[in-house]
Amino acid sequence: MKRTLFLLVAGALTLAASTPATGIVGTMHDLSPTGSTKATVLGVGSNGVADASGNYTNTATGSLNQVCVFCHTPHQKVNAGGITGYDKTVPLWNHVTTTSTFTPFTSANLVQTAGVPTGMSLACMSCHDGTLGVASVYNKGPYGSAIAYNTSVGDHFLLGDNSGRMAVGGYNLGTDLSGDHPINIIYDSTSAAAALKDPSTLLATNGLFLYSATGKRTTTNGDKVQCGSCHDVHNWQGSTGLSDGSFLRYTNVQSALCLSCHNK
Ligand code: HEC
Ligand code: HEC
Ligand code: HEC
Ligand code: HEC
């Protein structure tokens, strides 16, 4: 009996030890002081410093000493009037939204037309087009510390002086998305005729989401591919603990992610 119990406990421990960590803490999307060393952005300024190799470190002891604040705020009421319009598309969105003009993916073979980023994809591009500081948020929270406001963008505070942008390179997709997988594009049973799988299987089989027309995730799956169809912003290893990371929702070993949608 004792031995069985021991084996059970040992088994549970082995499982625990081999189960990869999931979630956002400690990933590249954790820009708090403890997590930010994972990211390489152009961070110079009062609350973020870059070392010689360009690694960004958040040295804040006050308001930026949080994880969610870079993207969400519990109370969206900056200034009179509050945060309006787009910024309510992603729940409790707190990041300044990019105003860039994007070039979408085009191809003569497309059944549907790829759009420029809207909805949740625009949220991603508000850091990933490299035009805004990653810490450009509306509401820095109540832990008030001396954070410089950049008057050129109203009351939005930026890390340092409009720096802290994503470094030029792989993570910074820029504004020309003609070389990036189509997003903001309809994927329904009509387009499925173009060698795509039945869209109704995506969520159930592979945990991939399609989004509403405005780029919102809904409880009932929508019909548009957005960044969030392939990526889970909160989980480096996806919700099932992928070994190949990259915030992917489904493993891409053997191109399994691609094959969840494409009949190839
Ligand atoms: C608050 C800013 C911010 C937002 C918003 C944001 N990211 Fe990131 N993301 C980062 C930073 C910073 C890095 C690390 C970049 C670096 O090291 O230069 C990163 C890295 C990544 C990577 C890692 C690439 C790899 O494979 O190593 C992926 C993928 C990614 N982001 C996807 C997304 C997607 C999808 C969204 C929208 C749902 C998003 N991000 C929104 C800041 C952001
Ligand atoms: C890098 C930006 C970023 C950070 C940091 C971030 N989120 Fe999010 N969050 C998003 C985006 C983008 C969405 C919309 C996702 C979608 O539509 O698929 C979202 C959606 C959500 C949602 C609603 C839908 C869902 O996915 O459950 C919750 C709840 C949430 N976030 C909580 C949190 C919490 C709690 C933290 C901190 C521990 C956090 N987020 C940190 C970007 C972020
Ligand atoms: C069709 C699936 C898919 C869509 C849609 C998608 N990605 Fe990715 N993304 C991937 C895969 C797979 C990787 C893993 C790296 C690789 O294989 O190049 C990746 C990698 C990345 C990286 C790391 C840099 C790189 O080039 O490897 C970033 C940053 C990123 N994605 C952001 C985004 C953003 C922002 C969007 C929306 C504009 C988006 N992705 C839409 C599949 C997708
Ligand atoms: C969530 C579903 C989904 C995933 C995952 C996905 N795709 Fe796609 N892909 C689409 C849709 C939808 C289109 C646009 C189809 C259309 O309208 O013709 C598309 C278009 C493309 C095109 C352009 C086709 C053309 O006619 O020009 C290529 C190439 C492509 N995908 C490759 C990939 C690769 C490689 C991966 C894996 C990294 C991948 N896709 C993952 C849904 C997906």
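**Fold and ligand shells of the predicted model**

In the protein chain, residues 24 or more positions apart make up 62% of the contacts with a separation of 6 or more, a contact being two residues whose C-beta atoms, placed from the backbone, lie within 7 Å. This is a predicted model, in which local features need pLDDT of at least 70 and side-chain atom pairs count only at pLDDT 80 or more, while totals for chains, interfaces and linings use all residues. Residues are numbered from 1 along each chain as its sequence is written, and chains are lettered from A and ligands numbered from 1 in the order in which they are written.

The chain holds 6 helices and 6 strands, taken as DSSP runs numbered from the N terminus (helices H or I, at least four residues; strands E, at least two). From the N terminus on, the order reads α-β-β-β-α-β-β-α-α-β-α-α. Of its 264 residues, 36% are buried, that is, have 20 or more other C-beta atoms within 10 Å of their own, again placed from the backbone.

Turning to the ligands, 24 residues sit around ligand 1, with C124, C127, H231, V233 and S246 coming nearest (C-beta atom, placed from the backbone, within 6 Å). Helix 2 (119–128) and helix 5 (227–230) each supply at least two residues of that shell, and helix 2 gives the most, with 6. By class, the shell has 16 nonpolar, 8 polar and no charged residues (nonpolar: Ala, Val, Leu, Ile, Met, Phe, Trp, Tyr, Cys and Pro; charged: Asp, Glu, Lys and Arg; polar: the others, Gly among them).

Around ligand 3 there are 19 residues, and C124, H181, C227, C230 and S246 come nearest. Helix 2 and helix 5 are the elements giving two or more residues here, with helix 2 giving the most, 4 residues. This shell has 11 nonpolar, 8 polar and no charged residues.

Notes
A residue is buried if 20 or more other C-beta atoms lie within 10 Å of its own, exposed if 12 or fewer, and partly exposed in between; C-beta atoms are placed from the backbone.
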